[in-house]
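Subject: Handing over the model

Hi,

Here is the structure I promised to pass on. Have a look at it first, and then read my notes below.

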Amino acid sequence: MNECPIGIFDSGVGGTSIWKEINGLMSSEDTIYLADSKNAPYGEKSEEQILQLSIKNTELLLEKGCKLIVVACNTATTNAIAYLRKNYNVPFIGIEPAIKPAALQSQSKKVGVLATKGTLSSSLFHSTSENHATGIQILEQEGTGLVPLIEQGKVDSDETKQLLSKFLKPMLDEGIDYLVLGCTHYPYLIPVLREMLPENIKIIDSGEAVARQTKSVLEQNGLSNPSEENGKHQFYTNTDVEVLKYFLKDVKVAAEVSYLAF
């Protein structure tokens, strides 16, 4: 099992931000990535739809021999990971908004969370907020429309900037000093957000913490790949291969990007 790949799935290209953190920390691990762009965004689907899509992705990754699965999607984590852990015999790593570190470090006691409807309405999100943000005002904002624009590669477009401006204004008016990105697509917006936000506002996402947790769980289960060579990486998308390649253009390791109907 040590030489088997890590499986990663997301509702599209956003989870490549998580993949980059994992590969940066564990370069010898093989990976298989599923971009379910055909069904993006998950955040606007019902809980049952999200569960069925997560099951489909999980079973495909297991067919391909994955030893651990990273649910690189906040919405899929909050709506499906409990079921996946109960019904499949591999470790699962989930993603949830990094409310805890933001709440611990906030000076204004006001933290903004930009996420999808599916994440913000989930019970896991609310329990995390209640458990880790006592005395902190959490300002929730649905990022409706952002995922489709990112999926089209329109990260720096006027349309994207207009949406962000609209979403950020209520949080800025309230005086947030931390902005938590609650969707794995959103780290690709960080350069644009830096231009739009005052310097005192810190942006925080879950990528680095997820990579560390993945490494820890592999070690705990005796699943780490002992090889000193760079891993092999396969990326699959069920829509336009060129869009996925665009988000991997800065990757320095060998990566095979293919279309797969799933």
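How many bridges join S7 to S8? Three, and the two strands run parallel. Before going on, some housekeeping: this is a predicted model, where local features need pLDDT of at least 70, side-chain atom pairs count only at pLDDT 80 or more, and totals for chains, interfaces and linings use all residues. Residues are numbered from 1 along each chain as its sequence is written, and side-chain values use heavy atoms, with hydrogens and water left out.

**The four-stranded sheet**

S7 and S8 belong to an open, parallel sheet of four strands in the order S6-S5-S7-S8. Helices (H or I, at least four residues) and strands (E, at least two) are DSSP runs numbered from the N terminus, and two strands pair if DSSP finds at least two bridges between them. At the edges are S6 (137–142) and S8 (202–204), each of which pairs on one side only. From one strand to the next the twist averages 25°.

Going through the pairs, S5 (residues 110–115) and S6 are parallel over six bridges, with Val-111 opposite Ile-138 in S6. S5 also pairs with S7 in the parallel sense, over five bridges, and there the partner of Val-111 is Tyr-178. Tyr-178 in turn stands opposite Lys-202 in S8.

S7 is mostly covered, with five of its five residues buried (buried means under 20% relative accessible area, exposed over 50%, partly exposed in between, using a 1.4 Å probe and protein chains only). Tyr-178, Val-180 and Gly-182 are on one side, Leu-179 and Leu-181 on the other, and both faces are covered. Helix H8 (residues 158–174) lies across S5, S6 and S7 (178–182), at about 170° to S6. Here contact means heavy atoms within 4.5 Å; axes are lines fitted to C-alpha atoms, for helices over the stretch in contact, and angles run from 0 to 180 degrees between N-to-C directions.

**The six-stranded sheet**

There is also an open sheet of six strands, again with parallel pairing, in the order S4-S3-S1-S2-S9-S10. S4 and S10 (255–259) each have a single partner strand, so one side of each has no neighbour in the sheet. Four bridges join S1 (residues 6–10) to S3 in parallel, and Phe-9 has Val-71 as its bridge partner in S3. H10 packs on this sheet, touching S1, S3 and S4, and its direction makes about 160° with that of S3.

**A buried lysine**

Lys-67 is in the loop between H2 (47–63) and S3 (68–71). Lys-67 is buried, with a relative accessible area of 1%. What does its side chain reach at 2.6 Å? That is the backbone oxygen of Leu-223. A polar atom of the Lys-67 side chain also lies 2.7 Å from the backbone oxygen of Asn-2. (A polar contact is a pair of N or O atoms within 3.5 Å; within protein, one must be able to donate a hydrogen and the other to accept it, and residues adjacent in sequence count only if both atoms are side-chain atoms.) Leaving aside residues up to four places away in sequence, Lys-67 touches a set of residues including Met-1, Glu-29, Val-90 and Asn-225.

On a 1 Å grid over the protein atoms alone, a cavity is a set of points where a 1.4 Å probe fits but cannot get out, and a pocket is an open set with protein on both sides within 12 Å along at least five of seven lines; lining residues have an atom within 4 Å of a point. Grid points are joined across faces, edges and corners, and a volume is the space filled by probe spheres set on the points.

There are two cavities of 30 Å³ or more. The largest cavity holds about 60 Å³, and its lining includes Ser-11, Pro-41, Cys-73 and His-185. The largest pocket comes to about 400 Å³. Of its 21 lining residues, Gly-94, Glu-96, Ser-206, Ala-209 and Val-210 lie nearest the centre.

Most residues other than glycine have a negative phi, and most peptide bonds are trans. Pro-41, in the loop between S2 (31–35) and H2, is joined to Ala-40 by a cis peptide bond with omega about -5°. Lys-109 has a positive phi of about 65° although it is not a glycine; Lys-109 sits in the loop between H4 and S5 and is partly exposed, at 42% relative accessible area.

Cheers
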